[in-house]
Amino acid sequence: MTESGANTDTFSTGSSKKEMRVRRIKHGTVIDHVTAGQALNVLRILGISGTTKAVVSVAMNVPSGVMGSKDIVKVEDRELEEEEVDRISLIAPNATINIIRDFEVIEKYKVDLPDSLEGVVKCDNPNCISNTNEPVTSKFIVNKKPVELRCIYCDHVISEGIAEHLI
Amino acid sequence: MLHHIISMKDFSRDEIDIILKRAKGFEPIAKGKKSDMLSGKILATLFYEPSTRTRMSFETAMKRLGGDVIDLGSIESSSVAKGETLADTIRVIGNYADAIVLRHTREGAARMAAEHSRVPIINAGDGAGHHPTQTLLDLYTIMRESSLSNLKIAIVGDLKYGRTVHSLAYALSLYRADMTLVSPKQLQMPDVIKKDLKKQGASVSETVNIEGVIDDIDVLYITRIQKERFPDPSEYQKVAGSYRVTEELLKKARNNLIVMHPLPRVDEIDPAVDGTRYARYFEQAFYGVPVRMTLLAMAMEAL
């Protein structure tokens, strides 16, 4: 198997020597083509912390033909929901999601930025009404190229360091 | 569908034109002609920040249309001081009044209030955010005293923190106005707003000198540099008094130039200018009444 099959035993490509970095998973989700360095943020978005019971494998800075280097996250026994996938696209716009059942990829798609985001990102304007004890959920209108989030309450735009603003 | 009035961005050019056209019909009532258009209706004014003219012109507009006004009183003695959320206050007041005028310290407060309100919310300023009724009265003043077509305008003063100028510049972009932004370097209009204006197709240029543009504009819109918006008082001292409109400056102006100011002024306009043909800021303050009458009547579905 090569990189093109997401649920592989190896992340090495173009190399005759196959290394066993992370094993194939039976059921779950493989998030491939994650922007290098963002794997831990992906875990954050998925709510995976040290106390999570699920089996999770992370590979960082894996050589990739297309991306130069990439991160990969494998989460066993969990099929990602659309909303979770949308969140990932904020920090890893090229990520691909592979749903695995019985070692086979039964569904594969690229993440896509949604047109709006609710309750995912915190507005970075400290004086925004969404940063108070009011009963309000943060909401942003998403511009895709370049990625910019505009708060629907205060009009503030977040264009850099989006990962730092994830709730 | 409730007629909330939150941000100029919610209005199309056509909708603005309708409001401006209707406002003219309210001028006689604003001057004292009797009306009972909003008789039996109650307007609640919720001002979490001080205001004189905005609050009084809303009250005047409501009362001259035959309606009544209730207010929150001082914040210190109200439920707000007990820690009530704005969302709860809005839900409660919505049971008493037919519309709510809200001024709040936080950006986005009016938008959130609208989500919780069963009556129309009229934004009278949210922190450094929007102040759409001011913008509409500014546009109305330009329409009445100059012209909104082929307009050349200089917007002068604090373009960074001044909420009125952000809304105004956005609205003027809908009229394809030629805008010159005049401010000290540290008070320039935020990039994100300039980008929005350019996206609308507006013609925008920037300068620090008022003298260079005074002979080539129809409207000089000057604003106060607002001490209360500066996080650092020493920054305020550096720019206070940067611009001053004097008779001397106006010697170079076109004959039909008009000078506007949202008021209150501190020292941006020499009082000697008040008596010249250029001054329109007191008319501007008056026009707030017919414009707000229009908005109240539309919000309460009397129009």
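**View 1. The largest nonpolar core has 106 residues.** Residues with the most contacts inside this core are B:I100, B:I155, B:L220, B:V259 and B:L296. Helix α10 of chain B (residues 281-299) supplies the largest share, nine residues. A nonpolar core here is a set of buried Ala, Val, Leu, Ile, Met, Phe, Trp, Tyr and Cys residues joined through C-beta atoms within 7 Å; buried means 20 or more other C-beta atoms within 10 Å of the residue's own, with C-beta atoms placed from the backbone. Helices are DSSP runs of H or I of at least four residues, and strands are E runs of at least two, numbered from the N terminus. This is a predicted model, where local features need pLDDT of at least 70, side-chain atom pairs need 80 or more, and totals for chains, interfaces and linings use all residues. Residues are numbered from 1 along each chain as its sequence is written, and chains are lettered from A in the order in which they are written.

**View 2. Here are the neighbours of B:L296.** Leaving out residues up to four places away in sequence, B:L296 touches B:L38, B:L43, B:A61, B:M62, B:L65 and B:A99. Contact means C-beta atoms, placed from the backbone, within 7 Å.

**View 3. Chain B has 10 helices and nine strands.** Its C-alpha trace spans about 55 × 45 × 40 Å along the principal axes. Buried residues make up 49% of its 303 residues.

**View 4. Chain B meets chain A through 12 of its residues, in contact with 16 of chain A.** Elements giving two or more residues to this side of chain B are α3 (86-93) and α4 (109-116). Of these, α4(B) gives the most, with three residues.

Note on methods. A residue is buried if 20 or more other C-beta atoms lie within 10 Å of its own, exposed if 12 or fewer, and partly exposed in between; C-beta atoms are placed from the backbone. Two residues are in contact if their C-beta atoms, placed from the backbone, lie within 7 Å.
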